[in-house]
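Welcome, and please open the model in your viewer with the sequence panel beside it. We will go from stop to stop, with something to select at each.

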Amino acid sequence: QVQLMESGGGSVQSGGSLKLSCAASGDPYGPGGRYCMAWFRQPPGKEREGVAAIDADGNPIIIDSEKDRFTVSQNNAKNTLYLQMNNLKPDDTAMYLCAADTRPWLSCSYLVLSPTRYPDWGQGTQVNVSS
């Protein structure tokens, strides 16, 4: 079973920055596997939305609406995913969740920002942005 631990959320004022981290561990397919990981967010009363991920070639994938403000990266071991969020706005207030998929037959580029693709989810870290 995969465990995902998010951190870095909190309360900031509009224009502030936060860096979220998601550390993955465990792999039901055995040691030496790889994690396909992504960040999602779910504002109160709204659907979960894919925000950022790393594709199979190691390229950052970020939704168009946030390309100017968000950056996604991973550590060298490729088991921790980061989301740097700058110039935060009240509309960014949401629960930010990390998702992972270790199935070796699925490319990390497959449905990279679709929540239905990922079987493993963290508890989330709350981001609150005040005006």
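Before the first selection, a word on terms: two strands count as paired if DSSP finds at least two bridges between them. Strands themselves are DSSP runs (E, at least two residues), as helices are (H or I, at least four), and both are numbered from the N terminus. What you are looking at is a predicted model, where local features need pLDDT of at least 70, side-chain atom pairs count only at pLDDT 80 or more, and totals for chains, interfaces and linings use all residues. Residues are numbered from 1 along each chain as its sequence is written, and side-chain values use heavy atoms, with hydrogens and water left out.

**The whole chain**

Start with everything in cartoon view. The chain has zero helices and 11 strands. Its radius of gyration is 14 Å, close to the 14 Å that the globule rule gives for 131 residues, so the chain is as compact as a globular protein of that length. (That radius is taken over C-alpha atoms, and the rule is 2.2 Å times the number of residues to the power 0.38.) Along the principal axes, the C-alpha atoms fill a box of roughly 45 × 30 × 25 Å.

Now colour by accessibility. Buried residues are 43% of the 131 in the chain; buried means under 20% relative accessible area, exposed over 50%, and partly exposed in between (1.4 Å probe, protein chains only). Of the contacts (heavy atoms within 4.5 Å) with a separation of 6 or more, 62% link residues 24 or more positions apart.

**Strands β1 and β3**

Select residues 3-7, strand β1. Leu4 and Glu6 make up its covered face, while Gln3, Met5 and Ser7 are on the uncovered one. Which residue of β3 is the bridge partner of Gln3? Look for Ser25.

**Ala53**

Next, select Ala53, which is in strand β5 (residues 49-54). At 0% relative accessibility, Ala53 is buried. Leaving aside neighbours within four places in sequence, Ala53 is in contact with Met37, Ala38, Asn59, Pro60, Ile61, Val72, Val112 and Leu113.

**The β7-β8 hairpin**

Move to strands β7 (residues 70-74) and β8 (residues 80-85), which run antiparallel and are joined by five bridges. In β8, Gln84 is the bridge partner of Thr71. Five residues lie between the strands of this hairpin, and Lys78 takes a positive phi near 60°. Lys78 is partly exposed, with a relative accessible area of 48%.

Most residues other than glycine have a negative phi. For another positive value, select Leu111, with a phi of about 45°, in the loop between β9 (94-101) and β10 (120-121). Leu111 is partly exposed, at 42% relative accessible area.

**The largest pocket**

Finish at the largest pocket, with a volume of about 170 Å³. Of its 13 lining residues, Tyr35, Asp55, Gln74, Lys78 and Cys108 lie nearest its centre. On a 1 Å grid over the protein atoms alone, a pocket is an open set of points where a 1.4 Å probe fits, with protein on both sides within 12 Å along at least five of seven lines; lining residues have an atom within 4 Å of a point. Grid points are joined across faces, edges and corners, and the volume is the space filled by probe spheres set on them.
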